[in-house]
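Subject: Structure for you to look at

Dear colleague,

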Amino acid sequence: MHRSIVVRLLATSILVAICAVVGTAWLAVQTTTQAIRQEQGRSLADDRYLYDVLTEFAATHRGWDGVAPVLDRLAQRTGQRITLLTADRQPIADTHPGPSPTDRRPTATIDPLDGPDPRAVGPYRLTKDERALVRKWADGVLGCMTHNGAPGEAVEEPTGRLTVRARSAAIGDVAALNCGGVRYPYATKTEDRALSDLERRVARCLGSKRTIAIGPGFFTKEGPSPKVDACITSSRRDQLRPYVAPPALLYVGDPAATGEPEVFSLSGDNLVSIAWVTGAVLALTVASTVLVGLRLVRPLRALAAAAGAREPMPVAGRDEIGHLATVLNDLSERRDRSERQRKAMISDIAHELRNPTTNIQSWLEAAEDGVTPTDRHLLALLLDETSQLSRILDDLRDLAAADAGTLRIHPEPIRLGSVLGVAAEAHRGAAEAGGVRLTTLFDPRATVVADPVRLRQVAGNLLSNAVRHTPPGGTVTLRAGLTGRDLVLEVSDTGTGIAPDDLPYIFDRFWRADRSRGRNTGGSGLGLAIVRDLAGAHDGTVDAVSTLGAGTTVTVRVPTGPVSGTS
């Protein structure tokens, strides 16, 4: 079972689920406990008003001078002790006597530049005359809205600008837009100066000599850009820093506290609740993992069953399992094809070996019975059959060596005449006996580097095949020459030719276009297969072109060593 993919998959998934759930539960407990501890004295979370008032003070004052009365009013309202310290924990103001709570985490940090706060206007605050100008514009818009039956109101912004709104939410800003706009459409002189300064700061931030135009509201005409927006925000903080109070640490707590922070921890009921939820999540995760694992393994079981029954693999999808099924189907098809080829090859080998051995046995039995005299004619017949049998065995040995990768060549400098000429002369007698004219077209003195035995074997097999398939009166031509660093050997005939459908198979072993032809007319079917393997052993190629009824040309191209010239 420990080797089963199901067990390993489920074990791994369950282990991951356990680790994830336990880790999540631990983080939840730690985070919750820490959050509760931080809630000691954080009344600011319950009273946003306190934080907002102090932030407004910091945004509208250049320092914290005069903040004490504000803290007193806030302390009276909330009933809490309120303490302000500088960033380095130096006292600013405190509503109650006692040591400063420097050993505790601050309740909050008051920083008007965090954002920045919209009430931090600094150099953007309009002058009295500019406010009057904006008020005149707003009165005109409001008068237009009232005339059109959509009364509105003007809301003053921290800078002194006015925003015009319709009193009816159903009308929205459409009425104001139709009467001149929601906000004053122009920048005042004060805003121009401040925005020009901001544009220079942004240009320095971006490291660019080009100034980006920034309008009221701090929007650019170039559209949103994270880098530009970040530079505008940081530049606004630098621009507003002289006009606001520096950051301060805010502490809010019980006036009667002894100074020791109260620690809040999870109760027993909360711990039990968390444990119950964790267990439920773990059980749900394990159940889901089991179901998913079983569903995932189901196609694998189907593949195993199909493979055991030697049936086509079911391709259920386009995922990895579907791809595996496709590959297995292809592998099974190739295996079946190889098996059929093996059986056909064994049958062909048995057929090719049976003919000469049967003839030898028949002639020997006839001689033994005294039917045929034991003379030179009988010996010649037996020698011919034995030679044929030897040639078949030699061909099979060469093919076996090619399949095993042990077919070796021994290149050496040779003259074409000593190799191709000898091969042509060896087949000239058979050609003349069949009424076929054998011609050669090559320079017998040309010298190349190749294996003479194998090259002669290639030429001999091609010539034998061409002579055998050329009718009387036909011609077989052997051509050879150097093309670059390649030796091109070509044998063409004017024989029967090969049909286009049969041409791709002529280099297969034991293949014959006409299955009815016997060994005496069709050969063993190994010659061209051996030519292909010998060409491959030379790192060469072989191909054939043929026209049915007109003839065939087989071309062998093999690389040779450096040409040493002619003599």
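This is a predicted model: local features need pLDDT of at least 70, side-chain atom pairs count only at pLDDT 80 or more; totals for chains, interfaces and linings use all residues.

**What was found**

The largest cavity has a volume of about 70 Å³, and its lining is made up of A450, R454, L455, V458, L487, L489, L534, A535, H538, V556 and V558. Sorted by class, that lining holds 9 nonpolar, 1 polar and 1 charged residues. At least two lining residues are supplied by each of α12 (452-468), β13 (486-493), α14 (527-537) and β15 (551-559), with the largest share, 3 residues, coming from α12.

Turning to another part of the chain, you will find an open sheet of 4 strands in the order β2-β1-β8-β3, with antiparallel pairing. Strands β2 (91-94) and β3 (108-110) stand at the edges, and each has a single partner strand, so one side of each is left without a neighbour in the sheet. From one strand to the next the twist averages 25°. Within this sheet, strand β1 (residues 81-86) and strand β8 (residues 248-253) run antiparallel and are joined by 6 bridges, and I82 stands opposite V252 in β8.

Two helices lie across strands of this sheet. Helix α2 lies across β1, β3 and β8 and runs at about 30° to β3, while α3 lies across β1 and β2 and runs at about 145° to β1.

How do these helices sit relative to each other? Two packed helices are described by the angle between their axes and the distance between the axes. For helix α2 (residues 48-60) and helix α3 (residues 68-78), the axes come within 11 Å and cross at roughly 175°. Angles over 145 degrees count as roughly antiparallel, and α2 and α3 are therefore roughly antiparallel to each other. Their contact is made by Y49, L50, V53, L54 and F57 of α2 together with V70, L71, L74, R77 and T78 of α3, which by class gives 8 nonpolar, 1 polar and 1 charged residues.

Finally, two places in the backbone deserve a look. Most residues other than glycine have a negative phi, and most peptide bonds are trans. R89, in the loop between β1 and β2, has a positive phi of about 65° although it is not a glycine. The peptide bond from G115 to P116 is cis, with omega near -15°, and P116 is found in the loop between β3 and α4 (128-147).

With best wishes

Terms used: Residues are numbered from 1 along each chain as its sequence is written. Side-chain values use heavy atoms; hydrogens and water are left out. Axes are lines fitted to C-alpha atoms, for helices over the stretch in contact, and angles run from 0 to 180 degrees between N-to-C directions. Angles under 35 degrees count as roughly parallel, over 145 as roughly antiparallel, 65 to 115 as roughly perpendicular and the rest as oblique. Contact means heavy atoms within 4.5 Å. Ala, Val, Leu, Ile, Met, Phe, Trp, Tyr, Cys and Pro count as nonpolar, Asp, Glu, Lys and Arg as charged, and the others, Gly among them, as polar. On a 1 Å grid over the protein atoms alone, a cavity is a set of points where a 1.4 Å probe fits but cannot get out, and a pocket is an open set with protein on both sides within 12 Å along at least five of seven lines; lining residues have an atom within 4 Å of a point. Grid points are joined across faces, edges and corners, and a volume is the space filled by probe spheres set on the points. Two strands pair if DSSP finds at least two bridges between them.
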